[in-house]
Amino acid sequence: MGESYAAVMPANAYNWIAVWRRNFLAWRKGALASILGNLADPLTNLFGLGFGLGLLVGRVEGTSYIAFLAAGMVATSAMTSATFETMYAAFARMDTKRTWEAILSTQLTLGDIVLGELVWAASKAVLAGTAIGIVAATLGYASWPSILYAMPTIALTGLVFASLAMVVISLAPSYDYFAFYQTLVITPMVFLCGVVFPTSQLPGSFQHFASLLPLAHSVDLVRLAMLERGAESTAMHVGALCLYAILPFFASTALLQRRLLR
Amino acid sequence: MSTVAIDLAGVKKSFGDKVIVNELSFSVARGECFGLLGPNGAGKSTIARMLLGMMSPDGGKITVLDEPVPSRARVARARIGVVPQFDNLELEFTVRENLFVFGRYFGMSTGEIEAVAPSLLEFARLESKADVRVSELSGGMKRRLTLARALINDPHLLVMDEPTTGLDPHARHLIWERLRVLLARGKTILLTTHFMEEAERLCDRLCVLESGCKIAEGKPDALINEHIGCNVIEIYGGDPHQLRDLIRPYARHIEVSGETLFCYAPRPEQVRVHLRGRADLRILQRPPNLEDVFLRLTGREMEK
């Protein structure tokens, strides 16, 4: 088992790029629709909640509610974009389209493919998260440089949620199971992690639990950048996100090996 | 570099209680076309997957292009071209894009791929289709593109799982002709098939499989001579069991498969004499082929 697990790990530091470029080529063919699709949902939330609730709520943690929400939406859209890209598109490439099967007959390993898919999903997360950031900056809810500072966090958030979704697709027998992950994990996280309201509003025990969730770390980091707050506990947040990105990578590769290469 | 391209020794594979490959051993020399012949479910695809390191054997030893598999399968795969049983081309990409995307999986630069793509398109007779989406190609064209794609890394060895299944006869002949060109260039081919004709036309040697076991191995004509060695008369119509009793004295061996009676007779004219005037029968006399060998070896529908 140990030897065969080693054989499916990424073969080198650059093989994954071929997988990324394959996905990029496919994406380029329908880029416009993809970008619009990525933007529509978070923008609806931002304006719907921001203007509507914002009037009732007033200021939150010393900023306008819509600025508070915008930072949360940047992290959330990175999360959903990476999650959906992995759960639906990568799953199709693994399952129905047989793209992975074709790649596995070349000199790439399963680990190379998984890494390529994760970086690709993170790239789409950067696109989605940054787009919301640009809208926020254009409307004056964040400064332009702050969007640049938030980008590493957006990318890391994309990697984290792609990596977690990779575990889901390595276990899911079919598309039907993805709805569970979405409704039981992803959606509750939006409300637990301080996207639409500060976590201080949660009951005490929930606060502790929420502070362990990956989206909470992302939201805190994006807010640090976009609301130009001090760099308190940055290292802890980054470290937690790195763990959330790396551990599922190894787990999903092992699970996918069992699923695809038994 | 040894002269052996593929070596399997005592390879075993089971899923649960079901034995898929049972103590299989064979070796394929470089430059040879070796066939794995057997019905669906004989374990052919499992063997092909194990050779590529896409499945681990439960026991036994596999060596491909001097590399132990699966531990160093990746290194071996760099010099292997694969034609899978089911097309897994990129349907939304053009023919040319498919070659580029695949070449990059082998670490080839754009320049390197540009250098070989025209000759591959020509080889696959797809020059005029270079910028057409794969989803618009016919089944035969897709298969030829899969073959061209498998050649992008200039492999020593081609592993082909049922390369012509699902193709019409014209498309199938074109693939066979292309494969003979590759053999003439010195490539090694491992081919799985359930078409006896395909095995007979292409393979230097073959291994006949039944339920994961090797039941015969050798050159196609040697197998035919050894197991049949005489003309075959196929008789359709009438009651096969009654006919069998009638012609038994003149036959070396008789098999009934469905409504057809296969009579293996060294002197077929003796059989024909006894069937003269039977207007209800259709009689076909032909040389023996691998189909007869398989029927003979597997014992299916044999004389009870």
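In chain B, β4(B) and β5(B) form a hairpin with two residues between them, and Leu65(B) in the turn has a positive phi of about 50°. The structure is a predicted model, in which local features need pLDDT of at least 70 and side-chain atom pairs count only at pLDDT 80 or more, whereas totals for chains, interfaces and linings use all residues. Residues are numbered from 1 along each chain as its sequence is written, and chains are lettered from A and ligands numbered from 1 in the order in which they are written.

**The sheet that contains the hairpin**

Strand β4 (residues 59-64) of chain B is linked to β1 (residues 4-15) of chain B by five bridges in the antiparallel sense; two strands are taken to pair if DSSP finds at least two bridges between them. Three bridges connect β4(B) with strand β5 (residues 67-69) of chain B, again antiparallel. Ile62(B) takes part in both pairings: Ile62(B) is the bridge partner of Leu8(B), and Val69(B) in β5(B) is the bridge partner of Ile62(B).

Pro70(B) is placed in the loop between β5 and α2 (73-77) of chain B. In chain A, Glu61(A) has a positive phi of about 45° although it is not a glycine; this residue lies in the loop between β1 (59-60) and β2 (63-64) of chain A. Most residues other than glycine have a negative phi, and most peptide bonds are trans.

Chain B is divided into domain 1 (4-224) and domain 2 (230-287), with bounds that come from an automatic or database domain assignment. The C-alpha centres of the two domains of chain B lie 39 Å apart.

Another open antiparallel sheet of four strands has the order β12-β13-β11-β14 (chain B). Its edge strands, β12 (253-257) and β14 (282-286) of chain B, each pair on one side only. The twist in this sheet averages 20° from one strand to the next. Six antiparallel bridges join β11 (residues 231-236) to β13 (residues 260-265) of chain B, with Ile233(B) opposite Cys263(B) in β13(B). Helix α9 (residues 240-247) of chain B packs on the sheet and touches β11, β12 and β13 of chain B, its direction making about 15° with that of β13(B).

| Helix pair | Axes come within | Crossing angle |
|---|---|---|
| α6(A) and α11(A) | 10 Å | roughly 125° |
| α2(A) and α6(A) | 7 Å | roughly 50° |

Angles under 35 degrees count as roughly parallel, over 145 as roughly antiparallel, 65 to 115 as roughly perpendicular and the rest as oblique; α2(A) and α6(A) are therefore oblique to each other. The crossing of α2(A) and α6(A) is right-handed, a term for a near helix turned clockwise from the far one by less than a right angle, left-handed being anticlockwise. Residues of the contact between α2(A) and α6(A) include Trp16(A) and Trp20(A) of α2(A) and Trp120(A) of α6(A); residues are in contact if their C-beta atoms, placed from the backbone, lie within 7 Å. This contact of α2(A) with α6(A) comprises seven nonpolar, two polar and two charged residues. Here Ala, Val, Leu, Ile, Met, Phe, Trp, Tyr, Cys and Pro count as nonpolar, Asp, Glu, Lys and Arg as charged, and the others, Gly among them, as polar.

α6(A) also passes α11(A) in a right-handed crossing. Among the contact residues are Leu110(A) and Val114(A) of α6(A) and Phe249(A) and Leu256(A) of α11(A). By class, the contact of α6(A) with α11(A) has six nonpolar, four polar and no charged residues.

**The contact between the chains**

Between the chains, 23 residues of chain A are in contact with 22 residues of chain B. On the side of chain A that touches chain B, α1 (2-8), α2 (16-28) and α5 (99-104) of chain A each supply at least two residues. The residues of that side divide into ten nonpolar, six polar and seven charged.

Note on methods
Axes fitted to C-alpha atoms, helices over the stretch in contact; angles between N-to-C directions. Contact = placed C-beta atoms within 7 Å.
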